[in-house]
Amino acid sequence: MAYTVPKLKNYSSVTLDKTAEKLVALLNQESVAVKTEPDWKTFRDRWMARKEGILTQVNDQWLKAAPKEAKRDVGQRVNQLKGRVEQVVSATLERIKSGAAEAELAAERLDISLPGKRRPIGAEHPVIQTMHEIVSVFRNLGYSVQEGPIIETDYYNFEALNFPPNHPARDTQDTLFVANQESKPRRQQLLLRTHTSPVQIRTMEKMKPPIRMVIPGKVHRNDPPDASHSPMFHQIEGLAVDSNITFGDLKGSLDHAMKALFGSKVKTSFRPSFFPFTEPSAEMLVSCFICGGSGKRDLEPCRSCKQTGWIEILGCGMVDPNVFEFVKHNGYDPKKVTGFAFGMGVDRVAILKYGVDDIQLFFQGDIRFLEQFV
Ligand code: PHE
């Protein structure tokens with residue numbers, strides 16, 4: 001039997017009581033854990049066996065070893081302890097026989113066969129996947145990533161981007177304004193940003209040149225939803241400003257990015273355009289990566305490029321010096337720095353990439369549609 005009763009340090013009644021108390025605590029603790037008859041037999045023998053039982057050990061180590069004067073005191077305590085052990089051992093058997101122990105056991109039983117709760121793991125939305133792909137192409141070119149607010153002021157969305165108040169260029173951006181702001185000065189009025197370009201200004205206010213950054217995010221326009229329009233969509237803005245940036249840098253960087261995105265065979269082409277915040281401005285086209293630029297797919301007309309062999313993919317241009325005037329105080333002196341900017345629609349790229357024929361499918365949240373992109 002493993003348990004060895006500790007020798008008494010002395011035979012004072014305090015020491016005797018304390019040591020006996022500890023043994024009783026151990027006895028009770030062990031008794032609770034006994035749930036079956038074979039367990040009980042082991043328990044009984046451990047405490048009461050003639051040879052080596054705990055009571056026998058107590059008898060040998062306490063009573064027999066006690067000096068004459070202490071024998072009476074020790075004897076009394078040993079008898080008390082013996083009575084207690086007998087009582088607990090028989091009560092324990094009682095508990096087993098009455099079925100109480102079994103009930104306790106049943107209450108403690110854990111059904112580990114019950115299957116756990118499964119939480120389906122989500123996946124990246126196809127538009128967000130596309131956004132991450134585009135961003136990572138520019139990250140590899142050393143661009144950092146910036147973000148800005150979706151609810152924007154008139155100042156950042158228009159004024160600082162060289163859209164003067166009442167200028168007709170504002171009409172091209174079908175803006176959703178926040179209601180009831182007539183009492184505020186115009187530049188402080190809130191709207192849902194119509195493009196990611198306001199973050200150009202916000203970052204130039206924060207960071208001195210040289211900068212190279214992309215800005216992904218949601219934008220809104222007052223467009224009725226149809227197969228190719230959505231009042232909410234996604235853009236990625238790009239901005240590079242340094243002391244000697246040219247239109248050649250713009251063309252080279254974007255041509256490289258398109259090849260990284262759509263394959264090394266795609267070609268790029270630029271045609272003149274207008275944006276208030278870039279001068280000169282251009283629209284960039286890529287040769288259709290669906291039909292390879294032939295305008296035909298399996299002898300059928302290619303729907304992705306409407307048989308033209310080209311896909312319009314982004315707006316771009318050299319940052320207008322008037323824009324730098326708004327952030328001149330942070331090192332953007334239009335006499336010293338130049339830069340290029342571009343903005344591309346993410347949803348359209350995703351539509352082409354995945355061959356989806358209705359932009360609405362992206363935003364309806366139908367799991368059967370979204371599961372195809374996992
Ligand atoms: N913000 C423009 C748009 O949404 C795109 C653009 C960005 C054009 C940067 C030029 C430079 O139409």
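Tutor: The largest nonpolar core has 43 residues, a nonpolar core being a set of buried Ala, Val, Leu, Ile, Met, Phe, Trp, Tyr and Cys residues joined through side-chain atoms within 4.5 Å. Buried means under 20% relative accessible area, exposed over 50%, and partly exposed in between, with a 1.4 Å probe and protein chains only. Met258, Ile313, Leu314 and Met344 have the most contacts inside this core. At least two of its residues come from each of α6 (126-140), β5 (232-242), α9 (247-262), β7 (278-287), β10 (310-319), β11 (338-345) and α11 (346-354); helices (H or I, at least four residues) and strands (E, at least two) are DSSP runs, numbered from the N terminus.

This is a predicted model, in which local features need pLDDT of at least 70 and side-chain atom pairs count only at pLDDT 80 or more, while totals for chains, interfaces and linings use all residues. Residues are numbered from 1 along each chain as its sequence is written, and side-chain values use heavy atoms, with hydrogens and water left out.

Leaving out residues up to four places away in sequence, Met258 touches Gly263, Val266, Thr268, Met284, Val286, Ile313, Leu314 and Met344, where contact means heavy atoms within 4.5 Å.

Two of the contributing helices, α6 and α9, pack at an angle of about 130°, with their axes 10 Å apart. Axes are lines fitted to C-alpha atoms, for helices over the stretch in contact, and angles run from 0 to 180 degrees between N-to-C directions. The two helices are therefore oblique to each other; angles under 35 degrees count as roughly parallel, over 145 as roughly antiparallel, 65 to 115 as roughly perpendicular and the rest as oblique. Glu133, Ile134, Val137 and Phe138 of α6 meet Leu254, Ala257, Ala260 and Leu261 of α9.

A second, separate core of 26 residues includes Val34, Ile54, Ala66 and Ala101. Val34 is also in contact with Thr92, as are Ser31, Trp40 and Phe43, neighbours of Thr92 within four places in sequence being set aside. Thr92 lies in helix α4 (residues 71-97) and is buried, with a relative accessible area of 1%.
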